[in-house]
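Here is a short tour of one protein structure.

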Amino acid sequence: MKKVTVGPDSVTPEQVIAVARHGARVELSEAALAAMRASRSIVDSIERDERAVYGVSTGFGALANTFIEPARRAELQHALIRSHSAGMGDAMPTEVVRAMMLLRIRSLAMGRSGVRPLVAQSLVELLNADVTPWVPRHGSLGASGDLAPLAHCALVLLGEGWVRTADGRRIPGAEALAAAGLSPIALASKEGLALINGTDGMLGMLLLAIADARHLFTMADVTAALAVEAMLGSDRPFLPELHEIRPHPGQAASAANIHRLLAGSSIMDSHRDDLTHAVQDAYSMRCAPQVAGAARDTLEFAVQVAARELVSVVDNPVVLPDGRVESTGNFHGAPLGFAADYLAIAASEVGSISERRVDRLLDVARSRELPAFLSPDPGVNSGLMIAQYTAAGVVAENRRLSVPASTDSIPTSGMQEDHVSMGWSAAHKLRTVLANLSHLLSVELLAACRGLQLRAPLTPSPAGAIAVRRIAEVAGEPGPDEFLAPILEHSRALLVGTELRTEIEAAIGTLA
């Protein structure tokens, strides 16, 4: 996707990803420009009639009852952006800021914010010039949306604030605009408020997380299948008829993936009719589809919430087509905060059960005759012992991060904003949980492939053979201990990238 056209009918999740991660160019449709001109004419009429309307002719938050003289209303908008650019901490990733900017453009383009097309077009120009505002980590409570993060974006439009360069440096906004051949803009009434009153940061992070979770949950089925195969597990718990009788869609999809991934394995065939083999596998093996499947269903809930938010007018006040300007609570981030917290819990559990399979693979008492810690020469060598330590530490961190942010609230703005969503924090920690999940699955990928190698001369499934070959490109064959961190990084690159999955799907069919 090279170009994204933003109209008054919103954008798609795929378009957000294209702009945030792949640098797609942005343009405004003629319909969006017309919608913005129409809503701006209503704000202009309020100005002429000198009506008291929140954010147009009054102050903000606890100052909502303070009337602002017409001569000072433009000053009010600039002061709002400067005062609300009060974030602290490290800069947010470029992809999050770009997603946030596109989503604010989307909101303005719906024609319910009362801004001139110039304002939205100026944000478009920042994106297309690859000018990324420096947005600090801390500042949003998910109350009136993501006020501080969006203010840091808006401040650059004024030729102020900070910009993050491609190499991570922080430079003045005026310098970045000049280098890009762009000029600062001056805001009119209502426009400053419209630039910052939205859930765009929360929604942007949730959309990015959804894309990551969708891939990781599929790869969790891959690593689970490899681990089951390496531990001489049974493929019978993954038969489709066993999941038809408990019709959770995610569970059925995960079981079907694992069953297909295990097909064609001489390792699985080697013990299929062995009466001395375990009657039942451990939960971490047998219940993999139930856990990963529940996570898939949780993901679909988050997808639905994000889809609704993408077509929502999230501003305050909003300009209605009949000329009314009404205050709303649509900026409150509770729907996104709940979804992000729920998905973080699910992703944490996918990682937790993965670590349990790693522990079984390494334990000589439970791994069904694999050597201790998957080392051919345990004792002098420790094999993957400490890789499991790392995984255990990551699981513990994910459990801490799974405590919901959205159950917290700290009153602000002189008790005007007396219940906040913490949706920004929920979405931010969700992304951390997913990054941690990628580490956990990469440990399982390495451990399972080592286990499959140690089952030679038995040969793994076609999917297993592909995974072993790709891991062996860096890890080689099991042998004496070596510097393990680069091998784990290689495993993670395989897991989060698309090449390994694409190669496996080419051999066995598309995975859900």
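A charge sits over a ring if NZ of Lys or CZ of Arg is within 6 Å of the ring centre and within 35 degrees of the ring normal. Keep that in mind for the first stop. The model is predicted.

**A charge and two rings**

Arg-170 lies over the face of Trp-162, at 3.6 Å from the ring centre. Arg-170 also lies over the face of Trp-134, and here the figure is 5.1 Å. Aromatic pairs are another matter: how many does a search of the whole structure find? The search finds one.

**Helices that pack**

Two packed helices are described by the angle between their axes and the distance between the axes.

| Helix pair | Axis distance | Angle |
|---|---|---|
| helix 15 and helix 16 | within 10 Å | roughly 160° |
| helix 4 and helix 9 | within 8 Å | roughly 120° |
| helix 9 and helix 17 | 9 Å | about 20° |

Take helix 15 and helix 16 to begin with. Helix 15 covers residues 334-362, and helix 16 covers residues 385-401. Their axes cross at roughly 160°. Angles over 145 degrees count as roughly antiparallel, and helix 15 and helix 16 are therefore roughly antiparallel to each other. Their crossing is left-handed. On the helix 15 side, the contact includes Ser-348, Gly-351, Glu-355 and Leu-362. Helix 16 brings residues including Met-385, Gln-388, Val-395 and Arg-399. By class, the residues of this contact of helix 15 with helix 16 are six nonpolar, five polar and four charged.

Next come helix 4, residues 94-109, and helix 9, residues 200-230. Their axes cross at roughly 120°, so helix 4 and helix 9 are oblique to each other. This crossing of helix 4 and helix 9 is right-handed. In helix 4, the residues that meet helix 9 include Glu-95, Val-96, Met-100 and Arg-106. Among their partners in helix 9 are Asp-200, Leu-203, Met-205 and Leu-208. The contact of helix 4 with helix 9 has eight nonpolar, two polar and four charged residues.

Helix 9 also packs with helix 17, residues 423-453. The angle is about 20°, and the axes are 9 Å apart. How is helix 9 oriented to helix 17? That angle makes helix 9 roughly parallel to helix 17. Helix 9 passes helix 17 in a left-handed crossing. The residues of the contact of helix 9 with helix 17 divide into 24 nonpolar, six polar and four charged.

**Backbone spots in loops**

Now the loops. Where does Pro-317 lie? Pro-317 has its place in the loop between helix 14 (288-310) and strand 8 (318-319). A cis peptide bond joins Asn-316 to Pro-317, with omega about -5°.

Pro-457 lies in the loop between helix 17 and helix 18 (462-475). The peptide bond from Ala-456 to Pro-457 is cis too. Its omega is near 15°.

The last stop is Asp-130, in the loop between helix 5 (117-128) and strand 4 (132-133). Asp-130 is not a glycine, yet it has a positive phi of about 60°.

Technical notes: Residues numbered from 1 in each chain as written. Predicted model: local features only at pLDDT ≥ 70, side-chain atom pairs only at ≥ 80, totals over all residues. Heavy atoms only, no water. Phe/Tyr/Trp six-rings, centres within 6.5 Å; stacked < 30°, edge-to-face > 60°. Axes fitted to C-alpha atoms, helices over the stretch in contact; angles between N-to-C directions. Helix = DSSP H or I, 4+ residues; strand = E, 2+ residues; numbered from the N terminus. Parallel < 35°, antiparallel > 145°, perpendicular 65-115°, else oblique. Left-handed = near helix turned anticlockwise from the far one by under 90°. Contact = heavy atoms within 4.5 Å. Nonpolar A, V, L, I, M, F, W, Y, C, P; charged D, E, K, R; others polar.
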